[in-house]
Structure formats: structure tokens, C-alpha cells
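Please open the model in your viewer and keep the sequence panel beside it. The tour below goes from one selection to the next and says what is there.

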Amino acid sequence: MAGETVLIVEDEAPMRRVLTDNFAFAGYSVRTAADGAAGLDEAMRGDVDLILLDIMLPKVNGYEICRYLRASGATTPIVMLTAKGQESDIVLGLNLGADDYVTKPFSVNELLARAAALLRRTRGEAPQVHQFGPFTLDLAARELKRGGAPITLTPKEFGLLALLAGKPGRAFTREEILSRVWGHDVFVTWRSVDRCVTTLRTKIEANPRRPAYIHTVREVGYRFDAPQA
Ligand code: CA
């Protein structure tokens, strides 16, 4: 973390202070912006490693910031700070290029953990092999094994699992999953994603109706959780 710079764009002073104190204590350099216009200016300087972005902001809102940054080619990871119960906000933010979100009120420790995970992935330290339960997912070999025995997945099932398992705890919208796994195939709909999740669950979940790995996130999409061993 040392030397990594986080930009906190948040108009509520108490929240900004709490975040600033905690991220500084965790070893980050912290910059802050109290409105969207200042936040966008800071973000566009291109020297921050991570952006914590409130949605409802004076002058320029968080969505517009997200959209503008991604449209201008900036790949700086963005964690949205969203209000509770606004799933449509989360979907919109993720579709506009945010990398993750936390819902207010959130635990600062959880946010720190997500920030650290996001930065690790950004630095290219994402592992090529994921272990969960009895499974080993080898991204390079494009292979899923259960206790050493290969499990046959369709290319889409593999792509879906690789996408979700590569970012445990991160919810993906159906739209994101479609664009990343199916690409620009015009004949697919969100139902294709749901069907693929259903068949994948039958292959990896002990009880597909009560999944341990691939969870449905209501109003948003799907999320992979790896239970602690
Ligand atoms: Ca706000």
C-alpha cells in the first residue's frame, strides 16, 4: 500500500474524514474532493491509484465522473459508495465502468479489504489458479478440476466462472457478463446468462438451489464467494 494514492470523492464531511483517517492510517496517500467537479479534476490528473466515488455529489455526480473517466480511457479502479437499497444505482455504476461498490453504511475494514484486493488485481498480481472448496480453476489451462478429476465445462460456462471467480465478492451485472463472456454476439439476451449460471451451478454446487459459490444478487446480477477453507 505504501505510496499508493487514493482519491476520495465525497461531499459529506464526516464521511470524508472517516475515510481519510482510515486510508491514511492504512498507509495510503490520500487526496480528497468535496464535489464532483473537483473530483473529476483530481481524477483526470491521472496520478491516483484508486478512486472512492460517492454517487450523489454536487456539480457532477458519480455516474458522470465514471462515464467521463472511462470514455477518456482512464482505467483507474473505482469503488462506488452507494446508498442502501438502490440496486439500480449499483447496476448503472457497474455498467458505466466502476470496478466495485460498497453500500452505506459500510464497514471501513471491508472497504479497505476491497480496495487492497482491487489494487492487487490492478498490479497484475491476479492469480492464474483459483482454489475453492474441492475445486481448482486453472485459467491458463482453461481447466476446472474437482479433487484432481476434470469437470467438463462449455466455453461460456468456463468464461463465466473465470470472470466471477477472478473477482470474488464482486457483483457483476448481467450486462457486464454478457459483454465480457459473450462479446458482441447479437443473438444472446440476459436469459443466456441466467441459463449458463443454472447449468454451471449443477456442475459445481452441492445444492444448486442453495449455492455456496455463485450467488444471485437481487436486482443486480451474480457474485462469486469462495467460502473460507
Ligand atoms: Ca453524497
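Is Met-56 buried or exposed? Met-56 counts as exposed, because its relative accessibility is 63%, where buried means under 20% relative accessible area, exposed over 50% and partly exposed in between, computed with a 1.4 Å probe on protein chains only. Before going further, note that this is a predicted model, in which local features need pLDDT of at least 70 and side-chain atom pairs count only at pLDDT 80 or more, while totals for chains, interfaces and linings use all residues. Residues are numbered from 1 along each chain as its sequence is written, and side-chain values use heavy atoms, with hydrogens and water left out.

**The calcium ion**

Select the calcium ion, whose protein donors are Asp-11 (OD), Asp-54 (OD) and Met-56 (O), at 2.1 to 2.3 Å from the ion. Donors here are N, O and S atoms within 2.8 Å of the metal (3.2 Å for Na, K and Ca), and since water is not among the atoms, sites may look incomplete. Asp-11 lies in the loop between strand 1 and helix 1 (13-25), and Met-56 in the loop between strand 3 and helix 3, so the pair ties together parts that are 45 residues apart in sequence; helices (H or I, at least four residues) and strands (E, at least two) are DSSP runs, numbered from the N terminus. Asp-11 counts as partly exposed, at 29% relative accessibility.

**Salt bridges around Lys-104**

Next select Glu-10, Glu-12, Asp-54 and Lys-104, which are linked in a network of salt bridges, each being a side-chain nitrogen of Lys or Arg within 4 Å of a carboxyl oxygen of Asp or Glu. Between Lys-104 and Glu-12 the closest N and O atoms are 3.9 Å apart. This pair links distant parts of the chain, with Lys-104 in strand 5 (residues 100-104) and Glu-12 in the loop between strand 1 and helix 1, 92 residues apart. Lys-104 is buried, with a relative accessible area of 16%, whereas Glu-12 is partly exposed at 41%.

**Helix 2 and its cap**

Move to Asp-35, in the loop between strand 2 and helix 2, which counts as buried at 16% relative accessibility. Asp-35 caps the N-terminal end of helix 2, a side-chain oxygen lying 2.9 Å from the backbone nitrogen of Ala-37, and its side chain also reaches the backbone nitrogen of Ala-38 at 2.8 Å.

Now colour helix 2 (residues 36-44), where Gly-36, Gly-39, Leu-40, Glu-42 and Ala-43 are buried. They cover an arc of only 165 degrees around the axis, which puts them on the same side of helix 2; the arc is that of the directions from the helix axis to the C-beta atoms. What covers these buried residues includes strand 1 (5-9), strand 2 (29-33), strand 3 (50-54) and helix 3 (62-71). Just after helix 2, Gly-46 takes a positive phi of about 80 degrees.

Finally, select strand 7 (residues 135-138), which has a covered face, Phe-135 and Leu-137, and an uncovered one, Thr-136 and Asp-138. Strand 6 (residues 129-132) pairs with strand 7 in the antiparallel sense over four bridges, pairing requiring that DSSP finds at least two bridges between the strands. His-130 stands opposite Leu-137, and Gly-133, in the turn of this hairpin, has a positive phi of about 50 degrees. On to strand 8 (residues 143-146), which runs antiparallel to strand 7 and is joined to it by four bridges; there, Lys-145 stands opposite Thr-136.

Key:
Contact means heavy atoms within 4.5 Å. A polar contact is a pair of N or O atoms within 3.5 Å; within protein, one must be able to donate a hydrogen and the other to accept it, and residues adjacent in sequence count only if both atoms are side-chain atoms.
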